[in-house]
Amino acid sequence: MRVIVCDNYEQVSAEAARIFAAQVYLKPDSVLGLATGSTPVGMYRILADMNKRGEISFKDCKSFNLDEYYPLAPDNDQSYRYFMNVNFFDHIDIDKANTRVPDGLAQDPEAACKAYDEAIDAAGGIDIQVLGIGQNGHIAFNEPDEKLICGTHLTSLTESTINANARFFEKKEDVPTRAVTMGMASILKAKTIILLANGKAKHRAIAELLDDTITTSNPSTLLKVHPNTIIICDREAYEG
Ligand code: PGA
């Protein structure tokens with residue numbers, strides 16, 4: 001794992017955008033693995049500006065998002081599909097038909113999850129996967145547990161994640177308690193992974209990610225077996 005320690009959030013966003021843009025520049029038909037949450041928003045903004053200036057184009061890219069609340073409709077303003085449209089897709093030249101977010105309304109979630117993993121494989125696999133990290137070390141909605149599930153699956157959110165995400169909702173009771181998420185094995189298949197983190201609240205999770213142990217009680221530590229992962233974090237997340 002490579003670690004890039006930045007002075008602040010703006011620098012984290014700029015470094016991440018630089019690596020992401022290089023991927024798209026070198027392979028214009030890249031398969032992008034995208035994340036929601038507050039952390040990647042700065043990177044998306046920079047990439048959208050680069051796109052506007054004609055420096056990179058996403059017109060031949062495909063994308064797959066990590067997760068979606070369940071059950072939640074794509075046009076609900078709390079959905080991750082809505083988040084991606086507003087924070088990224090509406091501002092770039094990607095063909096929205098080529099952007100996928102797990103189906104938050106799937107009648108048969110098991111079949112939908114299997115189809116999602118198959119669609120990623122059929123697209124040639126993810127070239128670059130963007131990740132945030134939870135305060136408890138979760139990656140997407142792969143929450144700390146004794147066992148982690150390999151593929152895309154329906155899961156329950158932990159109390160810690162519900163509390164952390166309550167800031168985006170009117171009240172905590174409104175936070176959905178379930179989600180469809182890519183599994184750790186689906187994520188680890190990505191050719192390049194960039195994990196972004198900022199702020200003191202992420203320090204414990206990042207410290208565990210950077211020590212020399214692997215544990216399912218901090219799912220991010222599985223990234224240590226990945227051959228091409230770059231951690232981009234600010235000094236607060238790095239040093240506490
Ligand atoms: P955040 O969420 O970017 O809003 O901190 C990250 C995550 O929970 O994975």
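Me: Buried means under 20% relative accessible area, exposed over 50%, and partly exposed in between (1.4 Å probe, protein chains only). Is A140 buried or exposed?

Reply: A140 is buried, because its relative accessibility is 11%. One caution: this is a predicted model, where local features need pLDDT of at least 70 and side-chain atom pairs count only at pLDDT 80 or more, while totals for chains, interfaces and linings use all residues. Residues are numbered from 1 along each chain as its sequence is written, and side-chain values use heavy atoms, leaving out hydrogens and water.

Me: Where does A140 sit?

Reply: In the loop between β6 (128-131) and β7 (153-156). Strands here are DSSP runs (E, at least two residues), helices likewise (H or I, at least four), numbered from the N terminus.

Me: What is phi for A140?

Reply: Near 50°, a positive value in a residue other than glycine. Most residues other than glycine have a negative phi, and most peptide bonds are trans.

Me: Where is there a cis peptide bond, then?

Reply: Between Y70 and P71, with omega about -10°. P71 lies in the loop between β4 and α3 (80-87).

Me: Which way do the side chains of β4 point?

Reply: β4 covers residues 67-70. D67 and Y69 point one way, E68 and Y70 the other. All of these are buried. In a regular strand the side chains alternate between the two faces of the sheet.

Me: Which strand does β4 pair with?

Reply: With β8 (residues 178-181), antiparallel, over four bridges. Two strands pair if DSSP finds at least two bridges between them. Y70 has R178 as its bridge partner in β8.

Me: How many strands are in the open sheet, and in what order?

Reply: Seven, in parallel pairing: β1-β10-β9-β6-β2-β3-β5. At the edges are β1 and β5 (99-100), each pairing on one side only. Inside the sheet order, β9 and β10 (residues 229-234) share five bridges in the parallel sense. I193 stands opposite T229 in β10.

Me: What about T192, buried or exposed?

Reply: T192 belongs to β9 (residues 192-197). T192 counts as buried because its relative accessible area is 13%.

Me: What does its side chain touch?

Reply: The side chain of N228, through a polar contact of 2.8 Å. That means N or O atoms within 3.5 Å; within protein, one must be able to donate a hydrogen and the other to accept it, and residues adjacent in sequence count only if both atoms are side-chain atoms.

Me: New topic. Which residues surround the ligand?

Reply: G37, S38, T39, G132, I133, G134, H138, R167 and K202. Here a residue is near a molecule if one of its heavy atoms lies within 4 Å of it.

Me: How far are the polar side-chain atoms of S38 and H138 from ligand oxygens?

Reply: For S38, 2.8 Å. For H138, 2.7 Å. R167 has a side-chain N or O atom 3.0 Å from a ligand oxygen. The ligand taken alone exposes 280 Å², and the protein buries 83% of that. Those areas come from the Shrake-Rupley method with a 1.4 Å probe; for residues, only the protein chains shown count as cover.

Me: Last one. Where is N8, and how accessible is it?

Reply: In the loop between β1 (2-6) and α1 (9-26). N8 counts as partly exposed, because its relative accessibility is 33%. A polar side-chain atom of N8 lies 3.2 Å from the backbone nitrogen of E10.
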